[in-house]
Amino acid sequence: MNDRRSSLWKQTSLVVVLVCVFGLTSCNEKSPETNTQTTQQPQDASVKHYQLTGRVIAVDKPNKSLTVDGDDIPGFMSAMQMPYDVKDPSLMDKLTPGDKISADVVVKGDDSWLENIKVTQPAPPAPKPSSALSLAQARAA
């Protein structure tokens, strides 16, 4: 009877050990479906993004271009006035000369354009003619 218990004990122990080993190895391995879902797509290393702030000088919707008097962009360019392409012309719908903006300058190889354009301060309203100027014009007439 003792041999039978010993044999049963060995078989039970072996089954427990095999279940534990199987369980541990299955926890560490991921199925191919899981691996593809958790792996992030690498970003294109040739595309760089820079933060631009500045004042709109001109809006050229037909040519999908925006001229901006831009502030210094550390590590990219000094402050300067220059035209930028805008691939999505709807971003220019609410822009007027004089608006202060922030935007992302996207650079890919020799190509660059603006994205995520936001007005940070609208252009001041056009000044009304002063009453002295109006009086002088009225006297001249």
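User: Which residue in S3 stands opposite Val68?

Analyst: Met82 in S3 stands opposite Val68. Please keep in mind that this model is predicted.

User: In what sense do S2 and S3 pair, and over how many bridges?

Analyst: To read a pairing, one looks for its direction and its bridges. S2 and S3 pair in the antiparallel sense, and six bridges join them. A further pair of partners is Asp69 and Gln81, the latter in S3.

User: In what order do the strands of the sheet lie?

Analyst: The order in a sheet is read from strand to paired strand, across the sheet. Here five strands form an open sheet in the order S3-S2-S1-S4-S5, with antiparallel pairing. S3 and S5 are the edge strands, since each of them pairs on one side only. Neighbouring strands of the sheet are turned against each other by 45° on average, direction ignored.

User: How do S1 and S2 pair, and which residue in S2 does Ala58 stand opposite?

Analyst: S1 and S2 pair in the antiparallel sense over six bridges, and Ala58 stands opposite Thr67 in S2. The two strands form a hairpin with four residues between them, where Lys64 takes a positive phi near 50°.

User: Is Thr67 buried or exposed, and why?

Analyst: A residue counts as buried when its relative accessible area is under 20%. Thr67, in strand S2, has 19% relative accessibility and therefore counts as buried. Setting aside residues up to four places away in sequence, Thr67 touches Arg55, Val56, Ile57 and Ala58, together with Gln81, Met82 and Pro83.

User: Why does Met80 count as partly exposed?

Analyst: The partly exposed class lies between the buried limit of 20% and the exposed limit of 50%. Met80 counts as partly exposed because its relative accessibility is 36%. Met80 is found in strand S3, which covers residues 80-85. Apart from neighbours within four places in sequence, Met80 is in contact with Val68, Asp69 and Gly70. Separation in sequence and distance in space should be read as two values: Met80 and Gly54 are 26 residues apart in sequence, with 9.3 Å between their C-alpha atoms.

User: Which residues touch the most other members of the largest nonpolar core?

Analyst: The general idea is that nonpolar side chains tend to be buried together in soluble globular proteins. In this structure the largest nonpolar core has 17 residues, of which Leu66, Val105, Leu114 and Ile117 touch the most other members. At least two residues of this core come from each of strands S1 (47-60), S2 (65-70), S4 (100-108) and S5 (111-121). S4 gives the most to the core, with four residues.

User: With which residues is Val105 in contact, leaving aside its neighbours within four places in sequence?

Analyst: On that basis, Val105 is in contact with Lys48, His49, Tyr50, Leu52, Ile73, Phe76, Tyr84, Trp113 and Leu114.

User: What parts does the salt bridge of Lys61 and Asp93 tie together?

Analyst: Lys61 forms a salt bridge with Asp93, with 3.7 Å between the closest N and O atoms. Lys61 lies in the loop between S1 and S2, while Asp93 lies in the loop between S3 and S4, so the pair ties together parts 32 residues apart in sequence. Lys61 is partly exposed, with a relative accessible area of 40%, and Asp93 counts as partly exposed at 48%.

User: Where are Asp111 and Lys87, whose side chains meet in a salt bridge?

Analyst: The side chains of Asp111 and Lys87 meet at 3.7 Å, N to O. Asp111 is in strand S5 and Lys87 in the loop between S3 and S4, so that distant parts of the chain, 24 residues apart, are linked. Asp111 is partly exposed, its relative accessible area being 34%.

Note on methods. Residues are numbered from 1 along each chain as its sequence is written. This is a predicted model: local features need pLDDT of at least 70, side-chain atom pairs count only at pLDDT 80 or more; totals for chains, interfaces and linings use all residues. Side-chain values use heavy atoms; hydrogens and water are left out. A nonpolar core is a set of buried Ala, Val, Leu, Ile, Met, Phe, Trp, Tyr and Cys residues joined through side-chain atoms within 4.5 Å. Buried means under 20% relative accessible area, exposed over 50%, partly exposed in between (1.4 Å probe, protein chains only). Contact means heavy atoms within 4.5 Å. A salt bridge is a side-chain nitrogen of Lys or Arg within 4 Å of a carboxyl oxygen of Asp or Glu. Two strands pair if DSSP finds at least two bridges between them. Axes are lines fitted to C-alpha atoms, for helices over the stretch in contact, and angles run from 0 to 180 degrees between N-to-C directions.
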